[in-house]
Amino acid sequence: LYNTDIPRLIILFTLIIGVIGIIIERVILNKLQNILLDLWIISKRKVILINNKDDSSIKSIIDDITSANIYEIVGYINPKKIEHTKMKYLWNETDVLNIIKKRDIDEILSIDSDFNSEDLYNIWDFSRIYAIRYRYLTNTFDVTKTNTTISLLNKIPVIEIKNTSLDAWWRVIKRIIDMVGSIIGILLFTPFFLLIWLLIKMEDPDGPVIYKNLRVWQNGKKFNLYKFRYLKWKYCIKDSYWVENKHDEALKYEEKLIQERSTRNGPLYKIKDDPRKTKIGKFIEKYSIDELPQLFNVFLGNMSLVGPRPHQPREVEKYELHQKRVLTIKPGITGLAQVNGREN
């Protein structure tokens with residue numbers, strides 16, 4: 001890289017300055033964090049303990065957590081109340097699942113408990129679904145050993161079960177890939193978009209060509225998914241067009257068709273020989289051409305190129321607990337189901 005050798009002292013001084021710079025950066029950031037906490041601009045991270053020990057047994061752990069200005073121990077959970085402890089008893093597994101659903105806590109620290117593996121699994125699963133950080137001290141958590149990392153809760157070394165492997169820079173890299181891919185896709189398919197727009201308008205001029213449909217994405221948030229309209233406009237569900245469900249005749253007709261013609265069981269449906277489709281709609285739906293406008297969803301950031309397909313709120317309401325795992329990551333245009341038999 002260089003025509004002349006770099007003096008060794010420069011390398012040494014660079015190392016020393018780098019280390020000092022990192023130390024100064026940490027001191028400044030910690031000081032700033034404490035100031036913001038004191039001014040109530042940011043709040044402390046609320047932690048609950050999964051614990052079956054009294055205060056004297058885990059005194060060093062409690063002292064270490066409380067000595068850090070950024071944590072607040074809300075209480076502990078266990079199937080039965082523990083004697084000789086000043087911490088608030090949050091009762092049992094059912095109560096903590098309700099606390100998680102309300103997002104009243106930020107972290108769960110598992111020390112030790114009388115819960116069985118199934119109960120611990122349910123707590124961990126709920127924490128994933130609602131984006132609550134789950135960490136544990138001991139090696140007694142036998143539900144899973146995958147996707148774990150060692151981290152610090154103040155000075156205490158803990159093992160964390162990560163909600164997803166897509167963290168930090170990987171999340172940034174995936175977003176960059178999505179942005180670049182969606183822009184290239186939009187530019188390439190623009191002439192094709194115009195052709196589809198013309199064919200849809202010629203057959204059914206009522207209503208928009210790009211149809212908005214309300215869907216649920218990461219962490220239960222809602223967004224409008226874009227599709228080429230393959231149904232006649234009068235039969236399209238209009239929850240994204242300021243029409244309430246109780247006034248939507250199209251929704252009532254669809255529910256009738258689901259009861260009579262759905263080929264699926266469970267929360268999702270697939271209507272056989274759907275009479276609401278237009279001629280061009282049958283073609284674009286068969287070859288998934290109707291999904292191409294979702295490149296704009298990817299560009300806007302509420303979808304990814306690859307991920308689980310997003311579903312409608314009335315479908316998500318029927319999900320069982322394990323099915324809600326698909327809500328822990330951003331939905332995509334194509335995913336595992338689309339390359340493995342689609343609706344079959």
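**Charged pairs**

The side chains of E107 and R135 form a salt bridge, with an N to O distance of 2.7 Å. A salt bridge here is a side-chain nitrogen of Lys or Arg within 4 Å of a carboxyl oxygen of Asp or Glu. E107 belongs to strand β3 and R135 to strand β4 (residues 133-136), so the pair ties together parts that are 28 residues apart in sequence. Helices (H or I, at least four residues) and strands (E, at least two) are DSSP runs, numbered from the N terminus.

This is a predicted model, in which local features need pLDDT of at least 70 and side-chain atom pairs count only at pLDDT 80 or more, while totals for chains, interfaces and linings use all residues. Residues are numbered from 1 along each chain as its sequence is written, and side-chain values use heavy atoms, with hydrogens and water left out.

Are E107 and R135 buried or exposed? E107 is buried, because its relative accessible area is 1%, and R135 is buried at 0%. Buried means under 20% relative accessible area, exposed means over 50%, and partly exposed is in between (1.4 Å probe, protein chains only).

A second bridge joins R229 and D204, whose closest N and O atoms are 2.6 Å apart. R229 is in the loop between β8 (222-228) and α6 (249-261), and D204 is in the loop between α5 and β7 (210-216); the pair links distant parts of the chain, 25 residues apart. Both R229 and D204 are buried.

K53 is partly exposed, with a relative accessible area of 30%, and D112 is partly exposed at 23%. The count of salt bridges comes to 20.

Next comes the helix packing. Helix α3 (residues 93-101) and helix α4 (residues 117-129) pack at an angle of about 5 degrees, and their axes are 10 Å apart. The axes are lines fitted to C-alpha atoms over the stretch in contact, and angles run from 0 to 180 degrees between N-to-C directions. The two helices α3 and α4 are therefore roughly parallel to each other; angles under 35 degrees count as such. E93, V96, L97, I100 and K101 of α3 make the contact with D119, N122, I123, F126 and S127 of α4, where contact means heavy atoms within 4.5 Å.

E285 is placed in helix α7 (residues 279-286). At 15% relative accessibility, E285 counts as buried. Leaving aside residues up to four places away in sequence, E285 touches Y230, K270, K277, D290 and R342.

The last topic is the surface. W169, W170, V172, I173, I176, I177, V180, I184, L188 and F189 make a nonpolar surface patch of about 1100 Å². One of these residues, I177, is found in helix α5 (residues 168-203) and is partly exposed, with a relative accessible area of 49%. I11, in helix α1 (residues 8-38), is exposed at 53%. The C-alpha atoms of I11 and R276 are separated by 72 Å, and these residues are 265 apart along the chain.

Conventions:
Patches are made of residues with over 30% relative accessible area and no salt bridge: like charges are joined within 9 Å, nonpolar side chains (Val, Leu, Ile, Met, Phe, Trp, Tyr) within 5 Å. Accessible areas come from the Shrake-Rupley method with a 1.4 Å probe; for residues, only the protein chains shown count as cover. Angles under 35 degrees count as roughly parallel, over 145 as roughly antiparallel, 65 to 115 as roughly perpendicular and the rest as oblique.
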